[in-house]
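Good morning, and thank you for coming. Please look at the sequence and the structure on the screen while I describe them.

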Amino acid sequence: MTLAPGIRLGPYEIAAPIGAGGMGEVWKAKDTRLGREVAIKVLPPGFADDAERLRRFELEAKALAALNHPNVLAIFDVGTHEGSPYLVMELLEGQTLRERLHGGALPVKRAMELALQIARGLAAAHEKGLVHRDLKPANLFISRDGHLKILDFGLAKQADWLRGPQSEMPTQEARGLTSEGLVLGTVGYMSPEQVAGKPADARSDLFAFGLVLY
């Protein structure tokens with residue numbers, strides 16, 4: 001599917017590109033029903049035919065839908081257009097922590113403020129039994145008012161040892177994406193167990209969190 005300004009995905013009218021990554025393209029769009037601006041993440045052409053990438057994309061949708069926390073990016077809707085699945089998310093204005101760090105290290109006080117927000121978001125995810133597995137400055141967004149959001153749960157998994165009776169994520173799907181020997185994450189922020197291709201749990205996120213804070 002090729003997107004361009006003016007194309008509609010159901011009730012959403014594409015406005016402009018925001019960015020692209022390994023797990024999809026992100027576009028600014030307008031929800032014509034509610035009259036609000038949103039962000040839409042769509043798998044690039046050909047990705048929908050890749051079973052593993054598609055499963056990881058679907059897992060991101062379920063992971064985000066299972067969370068409702070001010071420090072985690074909110075998901076509004078999911079859909080499919082011309083065979084390609086897409087996520088409808090809140091539109092953020094500001095910059096990623098990676099972009100902010102290009103200007104130099106943060107003052108200690110500000111770093112602590114952001115660290116607390118990251119910790120709260122991770123705690124909410126871990127309470128749901130979700131492990132991010134790719135926490136890094138590029139996946140942490142600072143809005144113009146200074147509020148932090150954790151982005152991109154495309155590599156998220158549900159940790160069996162974290163699952164509780166209220167868990168909303170099916171174990172079988174998570175296991176299918178986390179087989180031992182499969183290395184997922186970003187070099188420089190991966191925990192030792194991830195580098196070794198071993199199963200990751202909440203401690204892997206805490207390891208990455210420590211590296212981000214450093």
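Two strands are said to pair if DSSP finds at least two bridges between them. Helices (H or I, at least four residues) and strands (E, at least two) are DSSP runs, numbered from the N terminus.

This is a predicted model, in which local features need pLDDT of at least 70, side-chain atom pairs count only at pLDDT 80 or more, and totals for chains, interfaces and linings use all residues. Residues are numbered from 1 along each chain as its sequence is written, and side-chain values use heavy atoms, with hydrogens and water left out.

I begin with the chain as a whole. The protein chain contains six helices and 11 strands. Of its 214 residues, 47% are buried, where buried means under 20% relative accessible area, exposed over 50%, and partly exposed in between, with a 1.4 Å probe and protein chains only. Contact means heavy atoms within 4.5 Å. Among contacts between residues at least 6 apart in sequence, 56% join residues at least 24 apart.

Let us turn to the sheet. In general, strands of a sheet pair through backbone hydrogen bonds, either parallel or antiparallel. Here, six strands form an open sheet in the order β1-β2-β3-β4-β6-β5, and the pairing is antiparallel. Its edge strands, β1 (8-9) and β5 (75-81), each pair on one side only.

L9 has Y12 in β2 as its bridge partner. Two residues lie between the strands of this hairpin, and G10 takes a positive phi near 60° there. Next, β2 and β3 (residues 24-31) run antiparallel and are joined by eight bridges; A20 stands opposite E25 in β3.

Which residues have the most contacts inside the largest nonpolar core? They are I118, L135, L140 and F153, in a core of 34 residues. A nonpolar core is a set of buried Ala, Val, Leu, Ile, Met, Phe, Trp, Tyr and Cys residues joined through side-chain atoms within 4.5 Å. Two or more residues of this core come from each of α1 (51-66), β6, α3 (108-127), β9 (140-143), β10 (148-150) and α6 (202-213). The largest share, six residues, is given by α3. Leaving aside its neighbours within four places in sequence, L135 is in contact with residues including I118, L140, I150 and F209. There is also a second, separate core of 11 residues, and I14, W27, V38 and V88 are among them.

Apart from neighbours within four places in sequence, Q117 is in contact with N71, R110, G146, H147 and L148. After α3 comes G129, whose phi is positive, near 80°.
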